[in-house]
Amino acid sequence: FKQQELAQDLHLVAKQMNPVPVPGVLGIPILLKVEPLALPAHLAPVAVPREDAGGVPYNPFIYSPFQKVAKGNMQAMWVQDEPGSVRAMLSNPFAFEIIVQHISLLTTGARFAPFVVTCRIPPHTLSYEVILSGE
């Protein structure tokens with residue numbers, strides 16, 4: 001009988017509390033990968049090499065670290081107040097559909113206004129693409 005009273009009390013307390021979802025606590029849906037998307041051609045930075053009179057690229061130094069071709073993992077940099085997007089790959093291993101009511105980017109540093117996305121991830125989905133963006 002006391003267990004029933006305790007369960008009812010817990011139920012009443014739970015109704016009074018306003019649950020706040022904490023991102024990543026359950027890990028559902030599963031985040032597989034996040035990668036920055038390339039900027040549109042008209043917004044992409046373009047390196048313009050400086051040339052001397054003979055048409056040879058100008059470099060006053062014998063060695064310059066800028067001559068090295070970057071390989072591997074480069075850190076993506078965004079400009080404040082300019083659009084930026086990433087591709088997030090999600091997974092749903094369950095036999096039921098997952099409805100994500102609010103997913104957006106969270107950043108630190110410069111001011112960033114993310115756009116909120118809502119999506120439905122079908123059951124048994126190994127990879128579901130969501131484009132997250134903001135400016």
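Which strands form the open sheet, and in what order? Three of them, in the order S1-S2-S5, with antiparallel pairing. S1 and S5 are the edge strands, each with a single partner, so one side of each has no neighbour in the sheet. From one strand to the next, the twist averages 20 degrees.

A word on the source before I go on. This is a predicted model. Please keep that in mind for every number I give.

Now the overall layout. The protein chain has one helix and five strands. Reading from the N terminus, the elements go α-β-β-β-β-β. The chain has 135 residues, and 16% of them count as buried. Take the contacts with a separation of 6 or more. Of those, 62% are between residues 24 or more positions apart.

Back to the sheet, and to S2. On one side, S2 pairs with strand S1, residues 30-36, through six bridges in the antiparallel sense. Two positions show this pairing. Leu31 has Leu90 of S2 as its bridge partner. Glu35 stands opposite Arg87, again in S2.

Then there is S5, residues 125-134. Eight bridges join S5 to S2, and the two run antiparallel. Here, Asn92 stands opposite Thr125 in S5. As a reminder, strands of a sheet pair through backbone hydrogen bonds, parallel or antiparallel.

Why is S2 described as largely enclosed by the rest of the structure? Because seven of its nine residues are buried. The cut-off for buried is under 20% relative accessible area.

What does the side chain of Ser91 reach at 3.1 Å? The backbone oxygen of Thr125. A polar atom of the Ser91 side chain also lies 3.5 Å from the backbone oxygen of Leu126. Now the wider surroundings. Setting aside neighbours within four places in sequence, Ser91 contacts Pro29, Ile30, Leu32, Thr125 and Leu126.

Next, the nonpolar core. The largest one has 13 residues. Which residues have the most contacts inside it? Val100, Ile103, Ile121, Val130 and Leu132. Four strands each supply at least two residues of this core: S2, S3 (98-103), S4 (117-121) and S5. Look at Val100 in particular. Leaving out neighbours within four places in sequence, Val100 touches Pro29, Val117, Thr118, Cys119 and Ile121.

On to the aromatics. How many aromatic pairs does the structure hold? One. The ring centres of Phe94 and Phe96 are 5.1 Å apart and their planes are at 10 degrees, so this pair is stacked. Phe94 has 30% relative accessibility, so it counts as partly exposed.

First, Leu39, in the loop between S1 and S2. Is Leu39 buried or partly exposed? Partly exposed, with a relative accessible area of 38%. Leu39 and Gly84 are 45 residues apart along the chain, yet their C-alpha atoms are separated by 7.4 Å. Beyond its neighbours within four places in sequence, Leu39 is in contact with Ala44, Pro45 and Pro83.

The other one is His124, in the loop between S4 and S5. Its phi is positive, about 55 degrees, although His124 is not a glycine. At 56% relative accessibility, His124 counts as exposed.

To recap. The sheet is open and runs S1-S2-S5. S2 is largely enclosed, with seven of nine residues buried.

Conventions. Residues numbered from 1 in each chain as written. Predicted model: local features only at pLDDT ≥ 70, side-chain atom pairs only at ≥ 80, totals over all residues. Heavy atoms only, no water. Polar contact = N/O pair within 3.5 Å; in protein donor to acceptor, adjacent residues only side chain to side chain. Contact = heavy atoms within 4.5 Å. Buried < 20%, exposed > 50% of the residue type's maximum accessible area, 1.4 Å probe, protein only. Pairing = 2+ DSSP bridges. Core = buried A, V, L, I, M, F, W, Y, C linked by side-chain atoms within 4.5 Å. Axes fitted to C-alpha atoms, helices over the stretch in contact; angles between N-to-C directions. Phe/Tyr/Trp six-rings, centres within 6.5 Å; stacked < 30°, edge-to-face > 60°.
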